[in-house]
Amino acid sequence: DRSGWPQRATLVALIGFAGLFVALAVWVALSRLDYPGFDFRYFWVAGQLWLDGVSPYGPQYLEASSRLIPSGIVPGIWPYPPNIWPAAVLAGFLDFHTAWILWFSLYILTIVAASALIAFGLPLGWLPFAGQRPPALSRTGFFCLHLGLIAASEAVRHSVGSGQISALIYFGVALIVVGLARGKG
């Protein structure tokens, strides 16, 4: 039966598109495996301090940074708000290198999870190109297109390499939008 062939071919192409750009984001992260990102260093040092019962907002932050990060970029101040505490403390529980690997792994998984949440959580009428005839994308097709576009963005390539928390923020915004769209504010 060839009646569903165009939709299946489109889905296969979108899966390939998403896979390619997620693989690119993973490659960027892996290429930085031995050089933890600039922003990640801030979070890890703050996590170490908070676990020791010390506020990262004081002069101890620079001293701890210089002691804990002997080479490369050494953070000088802690400029982030206190609501970063959970992410920083999670990183601080681990040694520097292991925390970095976990950090960028969670970043990639969060990007995938946010795209899945949007594609499968929003009402069908809210998704561009989905549920409209002709042509229409399935939710899976929309997920692949969305994930591929997000993973291909300059912002993702930059933030995965530097260790930013933007993926967590993006996931939080996706949760809010899906909740509001489903009437669960």
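User: Which residues does Q164 touch, leaving aside those up to four places away in sequence?

Analyst: Contact here means heavy atoms within 4.5 Å. By that rule, and not counting residues up to four places away in sequence, Q164 touches D39, F43, W103, Y107, H158 and S159. Please keep in mind that this is a predicted model, in which local features need pLDDT of at least 70 and side-chain atom pairs count only at pLDDT 80 or more, while totals for chains, interfaces and linings use all residues. Residues are numbered from 1 along each chain as its sequence is written, and side-chain values use heavy atoms, with hydrogens and water left out.

User: Where is Q164 placed, and is Q164 buried or exposed, or something in between?

Analyst: Helices are DSSP runs of H or I with at least four residues, strands are runs of E with at least two, and both are numbered from the N terminus. Q164 sits in the loop between α7 (154–162) and α8. For burial, a residue is buried under 20% relative accessible area, exposed over 50% and partly exposed in between, using a 1.4 Å probe and protein chains only. Q164 counts as partly exposed because its relative accessibility is 24%. Q164 and G37 are 127 residues apart in sequence, and their C-alpha atoms are 8.1 Å apart in space.

User: What does S162 touch, and which helix holds S162?

Analyst: S162 is found in helix α7, and S162 is buried, since its relative accessible area is 8%. Leaving out residues up to four places away in sequence, S162 touches G37, F38, D39, F40 and W100.

User: How many helices and strands does the protein chain have?

Analyst: The protein chain has eight helices and zero strands, so that, read from the N terminus on, its elements run α-α-α-α-α-α-α-α. Buried residues make up 41% of the 185 residues in the protein chain. Among contacts between residues at least 6 apart in sequence, 72% join residues at least 24 apart.

User: How should I read a pair of aromatic rings, and how many aromatic pairs are there?

Analyst: A pair of aromatic rings is described by the distance of the centres and the angle of the planes. The rings of Phe, Tyr and Trp (its six-membered ring) pair if their centres lie within 6.5 Å, and planes under 30 degrees apart count as stacked, over 60 as edge-to-face and the rest as tilted. By this rule the count comes to 14 aromatic pairs. One of them is the tilted pair of F40 and F96, with 5.6 Å from centre to centre and 35 degrees between the planes. Because F40 lies in helix α2 and F96 in helix α5, this pair ties together parts that are 56 residues apart in sequence. Both F40 and F96 are buried.

User: What are the distance and the angle for F120 and F143?

Analyst: F120 and F143 form a tilted pair, 5.9 Å centre to centre and with 40 degrees between the planes. F120 lies in helix α5 and F143 in helix α6 (residues 139–152), so the pair ties together parts that are 23 residues apart in sequence. F120 is partly exposed, because its relative accessible area is 40%, whereas F143 counts as buried at 15% relative accessibility.

User: Which other residues of α6 are buried, and what span should α6 have?

Analyst: Besides F143, the buried residues of α6 include G141, F142, C144, L145, H146, L147, G148 and A151. The expected span of a helix is 1.5 Å times one less than its number of residues. The 14 residues of α6 should span 20 Å, and its end C-alpha atoms are 20 Å apart, which agrees.

User: What covers the buried residues of α4?

Analyst: In helix α4 (residues 85–92), A87, A88, V89, A91 and G92 are buried. What covers them includes α2 (38–51), α5 (96–121) and α8 (166–181).

User: Which residues form the salt bridge?

Analyst: Side chains of opposite charge can pair when their charged atoms come close. A salt bridge is a side-chain nitrogen of Lys or Arg within 4 Å of a carboxyl oxygen of Asp or Glu, and by this rule the count comes to one. The side chains of R67 and E63 meet in it, at 3.0 Å from N to O. Both lie in helix α3 (residues 60–68), four residues apart, about one turn of the helix.
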